[in-house]
Amino acid sequence: MIILSKLADYGVIVATHLATHSDRQATAAAVAAATRLPQATVAKLLKALAHAGLVVATRGASGGYRLARQGTEISVAEVVAAIDGDIGMTQCSVHADDCERTTYCPTRPHWAAINRAVGTALAAVTLDEMISPFTFLPAAAPRGEVVPETVST
């Protein structure tokens, strides 16, 4: 099974929340309450997103966080990379020095292609697309075309 880290997953949740309210700033406490994530985790994620230039922080009584660009301009890949670093399906594809098999592994070059494909797929999805519950639903059948019914047992 291929999974993102829990922090990367939470980072996408936090960034998507900020995209839903792009017209205003939000404090870490408000984001934590709205997303039901621990405040310390949200603060850590916001700091990482700010360090990557995806989030802008304003200090002061009316301060908070907001996206640095519109949600249509920030991809899921950028958020994941801000939290987890380079996207890699295997440890050796990102940290080659950690593997003693790097020089003779027959599958290593192929993992690079797979990493690029996964990165491209994540880069194709924006935060705004993550907001809409309808973005990835199949399109409705054209008029006059019959859609097969689902049979329940």
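1. Contacts across the chain. Of the contacts in the protein with a separation of 6 or more, 61% join residues 24 or more positions apart; contact here means heavy atoms within 4.5 Å. Please keep in mind that this is a predicted model, where local features need pLDDT of at least 70, side-chain atom pairs count only at pLDDT 80 or more, and totals for chains, interfaces and linings use all residues. Residues are numbered from 1 along each chain as its sequence is written, and side-chain values use heavy atoms, with hydrogens and water left out.

2. Overall layout. The protein has seven helices and two strands, and along the sequence they follow the pattern α-α-α-β-β-α-α-α-α. Helices (H or I, at least four residues) and strands (E, at least two) are DSSP runs, numbered from the N terminus. Buried residues make up 27% of the 153 residues, where buried means under 20% relative accessible area, exposed over 50%, and partly exposed in between (1.4 Å probe, protein chains only). The accessible surface comes to about 10,300 Å², and 56% of that belongs to carbon and sulfur atoms. These areas come from the Shrake-Rupley method with a 1.4 Å probe; for residues, only the protein chains shown count as cover.

3. Helix 1 against helix 2. These two pack at an angle of about 105°, with their axes 10 Å apart, and are therefore roughly perpendicular to each other. The contact is made by Ile 13, Val 14, His 17 and Leu 18 of helix 1 and by Val 31, Ala 34 and Thr 35 of helix 2. By class, that gives five nonpolar, two polar and no charged residues. For the conventions, axes are lines fitted to C-alpha atoms, for helices over the stretch in contact, and angles run from 0 to 180 degrees between N-to-C directions. Angles under 35 degrees count as roughly parallel, over 145 as roughly antiparallel, 65 to 115 as roughly perpendicular and the rest as oblique. Ala, Val, Leu, Ile, Met, Phe, Trp, Tyr, Cys and Pro count as nonpolar, Asp, Glu, Lys and Arg as charged, and the others, Gly among them, as polar.

4. His 17. This residue sits in helix 1 (residues 6-20). His 17 is buried, at a relative accessible area of 17%. Not counting residues up to four places away in sequence, His 17 touches Val 31, Ala 34 and Thr 35.

5. The buried face of helix 2. In helix 2 (residues 28-35), the buried residues are Ala 28, Val 31, Ala 32 and Thr 35. Seen down the helix axis, they fall within an arc of 100°, so they line one face of helix 2; the arc is that of the directions from the helix axis to the C-beta atoms. An α-helix has 3.6 residues a turn, so residues three or four places apart point the same way. The cover over the buried residues of helix 2 includes helix 1, helix 3 (39-51) and strand 2 (64-67).

6. Arg 36, worth a look. Arg 36 lies in the loop between helix 2 and helix 3 and has a positive phi of about 60° although it is not a glycine. Most residues other than glycine have a negative phi. With 79% relative accessibility, Arg 36 counts as exposed.

7. Helix 3 against helix 4. The axes of helix 3 and helix 4 (residues 76-84) come within 9 Å and cross at roughly 110°, which makes the two helices roughly perpendicular. Leu 45, Ala 48 and Leu 49 in helix 3 meet Val 79, Ala 82 and Ile 83 in helix 4. The residues of this contact divide into six nonpolar, no polar and no charged.

8. Leu 49. Within helix 3, Leu 49 is buried, with a relative accessible area of 0%. Leaving aside neighbours within four places in sequence, Leu 49 is in contact with Gly 11, Val 14, Ala 15, Leu 54, Val 55, Val 79, Ala 82 and Ile 83. Leu 49 and Val 80 are 31 residues apart in sequence and 9.5 Å apart in space, C-alpha to C-alpha.

9. Val 55. Located in strand 1 (residues 55-58), Val 55 is buried at 4% relative accessible area. Beyond residues up to four places away in sequence, the residues that Val 55 touches include Leu 18, Leu 46, Leu 49 and Tyr 65.

10. Thr 126. The loop between helix 6 (108-123) and helix 7 (127-131) holds Thr 126, which counts as buried at 16% relative accessibility. Not counting residues up to four places away in sequence, Thr 126 touches Gly 71, Thr 72, Ile 74 and Ser 75.
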